[in-house]
Amino acid sequence: MPFLGQDWRSPGWSWIKTEDGWKRIEFYGNELRDNNNGIDLEDFLFSLFPVIYQEKWIYVQKESTRERHGYCTLGEAFNRLDFSSATQDIQRFTYVAKLLQLIARSQLPSLSGAAQKNYFNVLEKIVRKVLEDHHNPRLIKELLQDLSSTLCILTRGMGKSVLVGNINIWVCRLETILNWQQQLNNLQIPKQMSNGMTLRDLPLDMQNNILYKFSDACDIINLGQATPTLHMLSEDRHLWKKLCQFHFAEKQFCRHLILSERGHVDWKVMYYTLQKYYPKREQYGDTLHFCRHCSILFWKDCHLALLFKDSGHPCTANDPNNCLVPVSPQHFIDLFKF
């Protein structure tokens, strides 16, 4: 029988120990020289240095077949996909934070010990990033609040084997979460001192266009508190009508129609009423993708796709891009519900 695997006489892979565990190292110098003969000196020198190898895809298997045995779990996917690096990407930050929030609400008992460690490592990096650059603290406060509430409930049922691991470990994690919450509550965002043009110096129509770019009601209200002019613009009924149309369907408007004293639709009240009954439309700069052809879940790197003409995963389809489906955080959770 022919030997189909890697030659056992080869030196093998190189590994390095990181705070997230052992990771593989690869050298990309030869590949870059083969793919681009005209590469400049700076890129060539950079390619000779070793980089940590991280597979950014995983095969989603829900049952055993003749070719594959076992199935893929949520914890395994969380370990394999590079969420740690995704927290440093401004386009993926909100996506990862929302996914961690959904896991905190309902999926903590399904995580293995290794997945738990990875989860809290990623969470720690998110909290550190918010404390350093003050990016989106409101979202992380909501995430930590949901996580602490869930842990308080689940740790009471440890005798029923609700969570994997020692109860002392979970108590320490809960104390760490409470400490993070305290740090975020004490977070003071410094006032930006600038001698140049400010937001209030912009023409009225430009300030109005900025408000129309927001898809979050809290952002509109917070910006409206900056100046009296922005407050007036943030109360515009046409602005809230656009926001309702962005998040909700027209059929949902008819079921919860709210009129003002003058007989007009109060779109601001409508928005807050509709969000109690229906989920808001989610919007992310970048998401995970799922290939329907080969059932692979992966991060799509646009820069590598342009350089190497790589789809981001080992796909055998003639046109991989037509097989890709963006995966929302809730869809990610649903993929591993068996």
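The protein chain exposes about 21500 Å², and carbon and sulfur atoms supply 52% of that area. This is a predicted model. The chain has 16 helices and 7 strands. Of its 338 residues, 36% count as buried. Among contacts between residues at least 6 apart in sequence, 63% join residues at least 24 apart.

**Nonpolar cores**

- In soluble globular proteins, nonpolar side chains tend to be buried together.
- Here the largest nonpolar core has 50 residues.
- The residues with the most contacts inside this core are Phe 83, Tyr 119, Leu 123, Ile 140, Leu 297 and Phe 332.
- Helix H5, residues 90-106, gives the most to this core, with 9 residues.
- A second, separate core has 18 residues, including Ile 220, Leu 233, Leu 243 and Trp 267.

**Helix H5**

- H5 has 17 residues and reaches 26 Å from its first C-alpha to its last.
- That span is close to the 24 Å expected at 1.5 Å a residue.
- H5 is mostly covered, with 12 of its 17 residues buried.
- Among the buried residues of H5 are Phe 93, Tyr 95, Val 96, Leu 99, Leu 100, Leu 102 and Ile 103.
- Arg 92, Lys 98 and Gln 101 are also among the buried residues of H5.

**Helix H8**

- Helix H8, residues 167-185, has 19 residues.
- From its first C-alpha to its last, H8 reaches 27 Å, close to the 27 Å expected at 1.5 Å a residue.
- The buried residues in H8 are Trp 170, Arg 173, Leu 174, Ile 177, Trp 180, Gln 181 and Leu 184.
- Seen down the axis of H8, these buried residues fall within an arc of 115°, so they line one face of the helix.
- An α-helix has 3.6 residues a turn, so residues three or four places apart point the same way.
- On the other side of H8, Asn 168 and Glu 175 are exposed.
- The cover over the buried residues of H8 includes helix H6, residues 113-133, and helix H7.

**Salt bridges**

- Side chains of opposite charge can pair when their charged atoms come close.
- The structure holds 8 salt bridges.
- One of them joins Arg 138 to Asp 216, with the closest N and O atoms 3.3 Å apart.
- Arg 138 lies in helix H7 (137-155), while Asp 216 sits in the loop between helix H9 (204-212) and helix H10 (217-224), so the pair ties together parts that are 78 residues apart in sequence.
- Arg 138 is partly exposed, at 29% relative accessible area.
- Lys 268 and Glu 235 meet in another salt bridge, at 2.9 Å from N to O.
- This pair links distant parts of the chain, 33 residues apart.
- Lys 268 is in helix H14 (267-277), and Glu 235 is in the loop between helix H11 (228-234) and helix H12 (237-247).
- Both ends are partly exposed: Lys 268 has a relative accessible area of 24%, and Glu 235 is at 39%.
- Asp 89 forms a salt bridge with Arg 92, their closest N and O atoms being 3.9 Å apart.
- Asp 89 is partly exposed, with a relative accessible area of 26%, whereas Arg 92 is buried, at 8%.
- Asp 89, Arg 92 and Asp 286 are linked in a network of salt bridges.

**A buried lysine**

- Lys 129 is found in helix H6.
- Its relative accessible area is 14%, so Lys 129 counts as buried, the cut-off being under 20%.
- Leaving out residues up to four places away in sequence, Lys 129 touches Thr 87, Gln 88, Phe 93 and His 134.

**Positive phi angles in loops**

- Asn 136 is not a glycine, yet it has a positive phi of about 55°.
- Asn 136 sits in the loop between H6 and H7 and is partly exposed, at 25% relative accessibility.
- Ser 295 also has a positive phi of about 55°, although it is not a glycine.
- The loop holding Ser 295 runs between strand E5 (288-291) and strand E6 (296-299).
- Ser 295 is partly exposed, with a relative accessible area of 22%.

Key:
Residues numbered from 1 in each chain as written. Predicted model: local features only at pLDDT ≥ 70, side-chain atom pairs only at ≥ 80, totals over all residues. Heavy atoms only, no water. Helix = DSSP H or I, 4+ residues; strand = E, 2+ residues; numbered from the N terminus. Buried < 20%, exposed > 50% of the residue type's maximum accessible area, 1.4 Å probe, protein only. Contact = heavy atoms within 4.5 Å. Areas by Shrake-Rupley, 256 points an atom, 1.4 Å probe, with all protein chains shown as cover. Core = buried A, V, L, I, M, F, W, Y, C linked by side-chain atoms within 4.5 Å. Salt bridge = Lys/Arg side-chain N within 4 Å of Asp/Glu carboxyl O. Expected span 1.5 Å × (residues − 1). Arc of directions from axis to C-beta.
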